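Here is a short report for a reader meeting this structure for the first time. Please keep the sequence and the 3D view at hand while reading.

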Amino acid sequence: MALIAFNKPFGVLCQFSPERTGPPRPTLADYIDFPGIYPAGRLDHDSEGLLLLTDDGRLQSRIADPRHKLPKTYLVQVDGEPDEAALAALRRGVTLKDGPTLPASAERIDDPQLWPRDPPIRVRKSIPDSWLRLTIREGRNRQVRRMTAAVGHPTLRLVRWQIGDWTLDGIAPGTWHAL
């Protein structure tokens, strides 16, 4: 059984094959030369961070399937400075167009001093930004971004830091480690 932790850079597609239409974008094949493995879950092209890949279908399902409620922790840079009411709403669960989310763990954190993003996020002098650590146990499409927007703080940068017990610690962007 193979299990790989990859630090997916911004703009990389979570697939090995190129898209058939539009301008070419980097894929996992540009970074990982390890036959027979597949992503256990996804990260949008505009999200960064931990992606687990495996050749074991059962493990892939255990990691990716929301029924198992494996915690996924994100470091989220947001517009503005969320107050306790916004954090409490995230902790209770927010209602999105596709229904209410499960309660999340949400806290403000200091700037985590991550690697620079290419391209950098937009900066507005009149609106401060801040960082959250958000842990969810489901995985709807663009869920974290939709949750922060629902409490009035759109996401500027999204980095998945941890899935279950697996973390991104020590893995540089665009590199992977066998676990």
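## Reading burial

Buried means under 20% relative accessible area, exposed means over 50%, and partly exposed lies in between. The model shown is a predicted one. With those cut-offs, D111 counts as partly exposed, because its relative accessibility is 44%.

## A negative patch

D111 belongs to a negative surface patch. D111 itself sits in the loop between β7 and β8. Strand β7 covers residues 105-109, and strand β8 covers 129-136.

## The loop between β7 and β8

P119 is found in it. The peptide bond between D118 and P119 is cis, with omega at about 0°.

Q113 is in the loop between β7 and β8 as well. Its phi is near 55°, a positive value in a residue other than glycine. Is Q113 buried or exposed? Q113 counts as exposed, because its relative accessibility is 64%.

## Salt bridges across the chain

Side chains of opposite charge can pair when their charged atoms come close. How many salt bridges does the structure hold? The structure holds 12 salt bridges.

One of them joins the side chains of D79 and R124, at 2.7 Å from N to O. D79 lies in strand β4 and R124 in the loop between β7 and β8, so this pair ties together parts 45 residues apart in sequence. D79 is buried, at 8% relative accessible area. R124 is partly exposed, at 36%.

Another salt bridge joins the side chains of D98 and R146, at 3.1 Å from N to O. D98 is in the loop between β5 and β6 (99-100), while R146 is in helix α3, so the pair ties together parts 48 residues apart in sequence. D98 is partly exposed, with a relative accessible area of 46%. R146 also counts as partly exposed, at 26% relative accessibility.

## A link between two strands

R133 forms a salt bridge with E107. The closest N and O atoms of this pair are 2.8 Å apart. R133 is in strand β8 and E107 in strand β7, 26 residues apart, and the pair links these distant parts of the chain. R133 counts as partly exposed, because its relative accessibility is 33%. E107 is partly exposed too, at 36%.

## A network that includes R142

Salt bridges can also form a network. Which residues are linked in one? D44, D46, R142 and R145 are linked in a network of salt bridges.

R142 lies in the loop between β8 and α3. Its phi is near 50°, a positive value in a residue other than glycine. R142 is partly exposed, with a relative accessible area of 33%.

## Helix α3

Helix α3 spans residues 143-150. Which residues of α3 are buried? They are Q143, V144, R145, M147 and T148. Of these, R145 is also part of the salt-bridge network with D44, D46 and R142.

Several elements cover the buried residues of α3. Among them are the strands β4 (72-79), β5 (95-96), β8 and β9 (155-163). Helix α2 (84-92) is included in the cover too. Just after α3, G152 takes a positive phi of about 90°.

## I163 in strand β9

I163 is found in strand β9. Is I163 buried or exposed? I163 counts as buried, because its relative accessibility is 0%.

What does I163 touch, leaving out residues up to four places away in sequence? Its contacts are L50, L52, I63, L70, P71 and K72. I163 and T135 are 28 residues apart along the chain. Their C-alpha atoms are separated by 9.4 Å.

Conventions:
Residues numbered from 1 in each chain as written. Predicted model: local features only at pLDDT ≥ 70, side-chain atom pairs only at ≥ 80, totals over all residues. Heavy atoms only, no water. Patch = residues over 30% accessible without salt bridge, like charges linked within 9 Å, V, L, I, M, F, W, Y side chains within 5 Å. Areas by Shrake-Rupley, 256 points an atom, 1.4 Å probe, with all protein chains shown as cover. Salt bridge = Lys/Arg side-chain N within 4 Å of Asp/Glu carboxyl O. Lys, Arg positive; Asp, Glu negative; His and termini not counted. Charge placed at Lys NZ, Arg CZ, Asp CG, Glu CD. Helix = DSSP H or I, 4+ residues; strand = E, 2+ residues; numbered from the N terminus. Buried < 20%, exposed > 50% of the residue type's maximum accessible area, 1.4 Å probe, protein only. Contact = heavy atoms within 4.5 Å.
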